Amino acid sequence: MARPWAFKPGQHGFITIPSVGLWTSHPFSLAWSDSESHTDSEKAVVVTQPDILAPSKPCMSMIVRRRNGFTEKLFQKAERSPLGRTTVTALIEGPYGGRQVLHSYGTVMIFAGGVGITHQVPFVRDLVAGYANGTVATRRVILIWVIQSPEHLEWIRPWMTTILAMDKRRDILRIQLFVTRPRSTKEIHSPSATVQMFPGKPNVDTLIEMESENQVGAMGVSVCGTGGLSDDVRAAVRRRQGVRNIDFLEESFTW
């Protein structure tokens, strides 16, 4: 990024890539943010003192799902390039959003379907960091991600590796992965007690009931995914409102 951008979970921006889609703009969620390190790319050493003192430039990451039109052209451009990677000049308009805050909930359930994980990952990192710093009320975070294939885990593997290595992560975060189209049962394996993998679709009502029975403080249930997943989560939360202190939060990535 050429200018400072204060990254917040839930933000999105409009991307324009003239070499791909002329001057059309397209909205995408911001999935991750890091600052560029002032190092030489070949020798990996600090270059000069002025570089160290200069403000670091934020690096924003997005996951773009291949569809028709703009995303198809972008995919084809990358596929024709060496190693399947390409560099393009892009303009980004934003940030927009980022007003949803989950810090006040004692228990947070985060549902994601497919590429909907791009909206949810920043909230997971934010809550785990806040718990370690003692700046949030949250004491339980459960991430449920529904994907078609274990290969989709590669979309966010570097970011998830960072989250899993965060201080006090095991005390607050549990992850449940549901693979709807595994090629074999051998692909389904749980790395640890806090990161579990299951075949098929989740029983959303059962998952929410299990967590609500042991919820700490108010519960926030967030979903970003397909219409079917959002409908199931919304219905399960609605059945418990008035009986338990629970809120429903939805983010849609379709028009």
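Start with the open sheet of six strands, which runs in the order 9-8-7-6-10-11 with parallel pairing. Strands here are DSSP runs of E with at least two residues, helices are runs of H or I with at least four, and both are numbered from the N terminus. Two strands count as paired if DSSP finds at least two bridges between them.

Before going further, some ground rules: this is a predicted model, where local features need pLDDT of at least 70 and side-chain atom pairs count only at pLDDT 80 or more, while totals for chains, interfaces and linings use all residues. Residues are numbered from 1 along each chain as its sequence is written, and side-chain values use heavy atoms, with hydrogens and water left out.

Now select strand 7 (residues 140-147) together with strand 8: they pair in the parallel sense over seven bridges. Look for Trp145, whose bridge partner in strand 8 is Leu177.

Contact means heavy atoms within 4.5 Å.

Next, bring up the open sheet of three strands, ordered 2-1-5 with antiparallel pairing. Its edges are strand 2 (26-29) and strand 5 (91-97), each with a single partner strand, so one side of each is left without a neighbour in the sheet. The twist in this sheet averages 30° from one strand to the next.

Strand 1 (residues 11-16) pairs with strand 5 in the antiparallel sense over five bridges. Select His12 and you'll find Tyr96 of strand 5 standing opposite.

While you're on strand 5, click on Pro95. A cis peptide bond joins Gly94 to Pro95, with omega at about 5°.

## Stop three: aromatic rings

Rings of Phe, Tyr and Trp (its six-membered ring) pair if their centres lie within 6.5 Å; planes under 30 degrees apart are stacked, over 60 edge-to-face, and the rest tilted.

One of them is Phe14 with Tyr96, an edge-to-face pair at 5.8 Å centre to centre and 85° between the planes. Phe14 is in strand 1 and Tyr96 in strand 5, so this pair ties together parts 82 residues apart in sequence. Tyr96 is partly exposed, at 35% relative accessibility (buried means under 20% relative accessible area, exposed over 50%, partly exposed in between, using a 1.4 Å probe and protein chains only).

Now jump to Phe178 and Phe198. Their ring centres are 5.2 Å apart and their planes at 25°, so the pair is stacked. Phe178 sits in strand 8 (residues 173-179) and Phe198 in strand 9 (residues 195-199), so parts 20 residues apart in sequence are tied together. Buried or exposed: what is Phe178? At 8% relative accessibility, Phe178 counts as buried, whereas Phe198 is partly exposed at 29%.

## Stop four: Thr118

Select Thr118, in helix 4 (residues 117-133). Thr118 is buried, at 6% relative accessibility. A polar atom of its side chain lies 3.0 Å from the backbone oxygen of Val115. Leaving out residues up to four places away in sequence, Thr118 touches Ser29, Leu30, Ala31 and Ile63.

## Last stop: two positive phi values

Most residues other than glycine have a negative phi. Leu83 has a positive one, near 65°. Leu83 lies in the loop between helix 3 (70-79) and strand 5, and is exposed, with a relative accessible area of 82%.

Finish at Lys168, where phi is also positive, near 65°. Lys168 is in the loop between helix 5 (157-164) and helix 6 (169-172), and is partly exposed at 41% relative accessible area.

Key
Axes fitted to C-alpha atoms, helices over the stretch in contact; angles between N-to-C directions. Polar contact = N/O pair within 3.5 Å; in protein donor to acceptor, adjacent residues only side chain to side chain.
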